[in-house]
Amino acid sequence: MRMSTYFLPTLKETPSEAQIVSHRLMLRAGMIRQTSAGIYAWLPLGWKVLQKVSQIVREEQDRAGAQELLMPTIQSADLWKQSGRYEAYGKEMLRITDRHDREMLFGPTNEEMITDIFKTFVKSYKDLPKNLYHIQWKFRDEVRPRFGIMRGREFLMKDNYSFDLDAEGARLSYRRMFLAYLRTFARMGIKAIPMRADTGPIGGDLSHEFIILADTGESQVFCDKAWLDMDVLADNPDANGDLKDFFAKYTSIYAATEEMHDAEKAPADLVTARGIEVGHIFYFGTKYSAPMGAVVTGPDGQPVTVEMGSYGIGVSRVVAALIEASHDDAGIIWPDQVAPFKVALINLKADDAACRTTCDDLYARLQAAGVEVIYDDRSERPGAKFADMDLIGIPWQITIGPRGLKAGTVELKRRASGEKLELPLEEALAKVT
Ligand SMILES: Nc1ncnc2c1ncn2[C@@H]1O[C@H](COS(=O)(=O)NC(=O)[C@@H](N)CS)[C@@H](O)[C@H]1O
């Protein structure tokens with residue numbers, strides 16, 4: 001992508017309405033545009049990151065045996081009347097009446113809808129377990145949307161729903177999702193700590209929130225210092241096993257949200273911090289399958305009400321949480337795994353023929369090698385180019401200028417460390433491909 005044509009409306013000033021760093025940087029980096037309270041358009045740079053985050057979520061769901069589908073955003077109120085949540089959900093639910101005066105709503109979550117779909121088609125225990133997910137926009141009419149997309153009203157969520165014959169099976173599904181969540185966030189280059197949590201309006205009696213430690217987090221959390229050095233990707237339990245040892249290990253290291261914190265049980269090495277909830281998983285048994293009649297024929301021929309759980313990740317919130325966890329005064333520092341581009345190619349002198357030819361060739365070679373590159377070919381001052389690339393957080397910068405060309409070198413900079421190397425173009429190319 002060439003900066004001279006890219007729709008990237010970066011801002012020089014810090015928007016006054018932005019109170020936390022991720023909101024400020026997402027606006028300044030031209031990633032989002034508020035269209036109304038708590039509702040945002042995702043501009044090209046932001047959309048690229050959102051898709052990368054979604055793809056890692058998708059890969060780990062598929063790896064855990066979940067199956068992707070897509071449910072609509074608009075739902076019939078009838079489903080919510082069956083489960084008894086229509087009134088209980090309260091003002092956060094956006095209620096709509098269609099032209100035939102049918103009561104509809106913009107879905108804040110999909111337990112009822114997925115249970116209705118499941119029960120229509122699954123009649124026998126032989127078809128269990130099932131774990132179905134989608135990545136879909138949700139609407140929650142938050143009384144005070146704030147912090148940009150961190151607490152929005154329309155937001156992107158990956159939500160799973162598991163169906164099992166009995167509680168033991170449902171707890172295995174829960175452990176499989178627990179592993180998938182630890183892997184998902186670790187693959188994005190962030191540390192999300194699973195904490196025993198309250199179940200709230202979703203319900204049930206077993207629940208964990210996955211919390212990223214960040215000074216601007218909305219929740220107060222407590223955890224054993226051991227969590228800070230944990231490398232879950234080094235742990236590779238047999239995903240087809242019962243995961244009991246794995247689950248016991250990671251739930252025995254103290255971590256609790258404020259509601260669940262118990263000072264008596266806290267370890268000596270206790271970390272108290274602010275946290276951002278990026279995921280929340282629940283086991284809630286027959287809370288929805290009973291009132292909605294999701295029943296299968298059991299092994300003995302008798303009817304069995306299926307046992308369920310649901311598992312959510314705030315995909316759009318993760319983008320903001322990534323920035324909260326990884327930025328500096330110059331701007332965003334994207335982990336390689338989710339960066340919108342891998343290389344920023346900066347031409348210091350756009351009107352210098354030799355620089356332009358060398359940059360155009362390198363741009364073509366990087367693209368041919370499948371490297372995602374953003375090429376600053378504008379006639380801007382060098383300082384403005386460096387500032388923009390630092391702001392939008394591209395992991396590698398390759399800078400080409402007249403002096404370097406004469407010396408036969410380019411400058412390669414690693415955004416995260418700030419380390420700069422002067423080296424031959426071929427060596428720089430080798431480092432980023
Ligand atoms: N207003 C919001 N803005 C952005 N993300 C949100 C918002 N509300 C919730 N989320 C994200 O969505 C995740 C799941 O939401 S939840 O309410 O905890 N769980 C559910 O809705 C379950 N149905 C999971 S399938 C949260 O962990 C959080 O990361």
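## Ligand surroundings

A backbone N or O atom of V278 lies 3.4 Å from an oxygen atom of the ligand, a polar contact in the sense of a pair of N or O atoms within 3.5 Å. In the side chain of E277, an N or O atom is 2.4 Å from a ligand oxygen atom, and in that of E111 an N or O atom is 2.8 Å from a ligand nitrogen atom.

Among the 24 residues around the ligand, those that come nearest are T109, E111, R140, G152 and E277; a residue counts as near if one of its heavy atoms lies within 4 Å.

## Basis of the model

The model is predicted, with local features requiring pLDDT of at least 70 and side-chain atom pairs pLDDT 80 or more, whereas totals for chains, interfaces and linings use all residues. Residues are numbered from 1 along each chain as its sequence is written, and side-chain values use heavy atoms, without hydrogens and water.

Five strands form an open sheet with mixed pairing, in the order 20-19-21-22-23. Strands are DSSP runs (E, at least two residues) and helices likewise (H or I, at least four), numbered from the N terminus; strands pair if DSSP finds at least two bridges between them. Strand 20 (373-376) and strand 23 (420-423) each have a single partner strand, so one side of each lacks a neighbour in the sheet.

Strand 22 (residues 410-414) pairs with strand 23 in the antiparallel sense over four bridges; V410 has L423 of strand 23 as its bridge partner.

## Helix 6

Helix 6 is followed by G189, whose phi is positive, near 85°.

Notes. Polar contact = N/O pair within 3.5 Å; in protein donor to acceptor, adjacent residues only side chain to side chain.
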